[in-house]
Amino acid sequence: MKMDNTLLDEVNAQINREFYAAYLYFAMATYFAEINMEGFAKLTKNHAKEELNHAKKLYDYLILRDEKVTLQRIEAPDTGWTNPTDAIQAALNHEKFVTENIHRLYKNATEKDDFALKVFLSWFVSEQVEEEHLFQSMLDKMNYVEDCSCEIVNIDRELKIQNEYVE
């Protein structure tokens with residue numbers, strides 16, 4: 001069954017948003033590397049790779065449905081972060097934006113009776129809960145210790161260890 005053109009456009013737009021997210025997290029990894037926060041750099045670099053995988057899932061889904069993939073321009077992310085907490089807040093804000101878009105796409109698939117797309121998007125709905133939780137919990141820790149920047153260094157050290165073997 002052919003996909004509704006509006007839904008097809010929305011899935012193609014989501015592919016773009018996932019590529020943008022990868023750009024954003026690669027930019028964050030660069031920022032963190034520049035300020036010698038290796039743990040945050042590894043975390044965000046690994047997250048960039050995860051976002052590329054999300055784009056690939058959507059791309060492969062359209063191919064499987066025999067639909068046209070339309071790649072779009074990927075904008076450069078804003079990189080004006082003032083400190084690690086600011087960057088992680090930006091990550092959380094972006095994940096909330098992605099969640100809103102996934103929910104809208106899911107709702108539209110429901111309204112258009114595209115059951116296959118709904119089932120496919122269920123994974124993304126669950127994934128966004130994890131994505132938001134990751135950055136919210138990190139931000140909570142960072143805000144809790146904001147008066148002691150040495151604790152941010154400890155969080156960075158923990159992240160470096162956790163992401164040591166993830167490549």
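## Helix H2, end to end

At 1.5 Å a residue, the 27 residues of H2 should span 39 Å, and the gap between its end C-alpha atoms is 39 Å, which agrees. That expected span is 1.5 Å times one less than the number of residues. Helices here are DSSP runs (H or I, at least four residues), numbered from the N terminus. After H2 comes Asp66, and its phi is positive, near 60°.

## What you're looking at

This is a predicted model, where local features need pLDDT of at least 70 and side-chain atom pairs count only at pLDDT 80 or more, while totals for chains, interfaces and linings use all residues. Residues are numbered from 1 along each chain as its sequence is written, and side-chain values use heavy atoms, with hydrogens and water left out.

## The nonpolar cores

A nonpolar core is a set of buried Ala, Val, Leu, Ile, Met, Phe, Trp, Tyr and Cys residues joined through side-chain atoms within 4.5 Å; buried means under 20% relative accessible area (1.4 Å probe, protein chains only). The largest one has 25 residues, and Phe32, Phe40 and Ile88 touch the most other members.

Which residues does Ile88 contact, leaving aside neighbours within four places in sequence? They are Phe32, Phe40, Phe135, Met138, Leu139 and Met142, where contact means heavy atoms within 4.5 Å. Apart from this core lies another, of 18 residues, including Leu58 and Phe124.

How values were computed. Buried means under 20% relative accessible area, exposed over 50%, partly exposed in between (1.4 Å probe, protein chains only). Helices (H or I, at least four residues) and strands (E, at least two) are DSSP runs, numbered from the N terminus.
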